[in-house]
Amino acid sequence: MERAFRNPANGHTESVGGMSWLAVVVFGALYLAYKGLWGHFFIWLLLVGGFSILTGGPGLIIALPLASIGYAIGINGILTNSYLRKGWVEVSGNSAGAQNSDLRDCPLCAETIKKAAVKCKHCGADVEPVVAPRLKNGWVASTSCCDEEEQQRTIEAIASAGLPVVSMIGLAVGAGPFETKEEAKQALITMRDGPRLFSEIVYRDSVSGKYPPIAD
Ligand SMILES: [Zn+2]
């Protein structure tokens, strides 16, 4: 099974699996060096070189295949660990990037749609927007919308400004919820200066189901 890892610093993706084992068999330590696995490069040299020297040469016949087989079996795990240790993030093979982008699959037709979508653009199904806020209650920079189209545009604009989206009462949507009013105010400024959304600071209280505007 092939797995892919992405360097969050530059978006570069490397895959693990596939033919890595063959590269190890053919290129041996050179492949380990190429992948920057210097620790394993020296282990390989020590194992193969050391054993050959100790046995006066013939050991190479045993050590070389052993190292090749060992690393052919272990290379995927070694590469995976090395990428994860460097802070790379795994992107799953099929939906590469989907987990980390603003995309997801429509639960009905399985076509790719935006996470913030409330209606699938392919099959027209009504879908729950993925909001997944860190908090249920908190301060929100809320924008009221006249219709669903405006609501959809607003959701996308908030998401593209890098803010968490939360559904509010009626057609309103907001950025948040935030723990502090100050964070919500920052979101209000971001929404006003970026996508030109005009919002008000409200406290979202999902228990009572009321999101009354708070006078500043
Ligand atoms: Zn669909």
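Colleague: How many helices and strands does the protein chain have?
Modeller: This is a predicted model, where local features need pLDDT of at least 70, side-chain atom pairs count only at pLDDT 80 or more, and totals for chains, interfaces and linings use all residues. Residues are numbered from 1 along each chain as its sequence is written. Helices (H or I, at least four residues) and strands (E, at least two) are DSSP runs, numbered from the N terminus. On that basis the protein chain has six helices and nine strands.

Colleague: What percentage of the 216 residues is buried?
Modeller: A residue is buried if 20 or more other C-beta atoms, placed from the backbone, lie within 10 Å of its own, exposed if 12 or fewer, and partly exposed in between. By that rule, the buried share of the 216 residues is 25%.

Colleague: How are H3 and H4 oriented relative to each other?
Modeller: Helix H3 (residues 38-54) and helix H4 (residues 59-85) pack with their axes 8 Å apart, at an angle of about 165°. Axes are lines fitted to C-alpha atoms, for helices over the stretch in contact, and angles run from 0 to 180 degrees between N-to-C directions. Angles under 35 degrees count as roughly parallel, over 145 as roughly antiparallel, 65 to 115 as roughly perpendicular and the rest as oblique. The angle therefore makes H3 and H4 roughly antiparallel.

Colleague: Which strands and helix do the buried residues of H5 pack against?
Modeller: The buried residues of H5 are Gln 151, Thr 154, Ile 155, Ala 157, Ile 158 and Ala 159. Contact here means that C-beta atoms, placed from the backbone, lie within 7 Å. The partners of these buried residues are strand E6 (138-143), strand E7 (165-167), strand E8 (173-178) and helix H6 (181-193).

Colleague: Where is the cis peptide bond?
Modeller: Most peptide bonds are trans. Here, one with omega near -5° is cis, and its second residue, Pro 177, lies in strand E8. The bond runs from Gly 176 to Pro 177.

Colleague: Is Ala 110 buried or exposed?
Modeller: Ala 110 sits in the loop between strand E4 (103-105) and strand E5 (112-114), and its phi is positive, near 65°. With 11 other C-beta atoms within 10 Å, Ala 110 is exposed.

Methods
Two residues are in contact if their C-beta atoms, placed from the backbone, lie within 7 Å.
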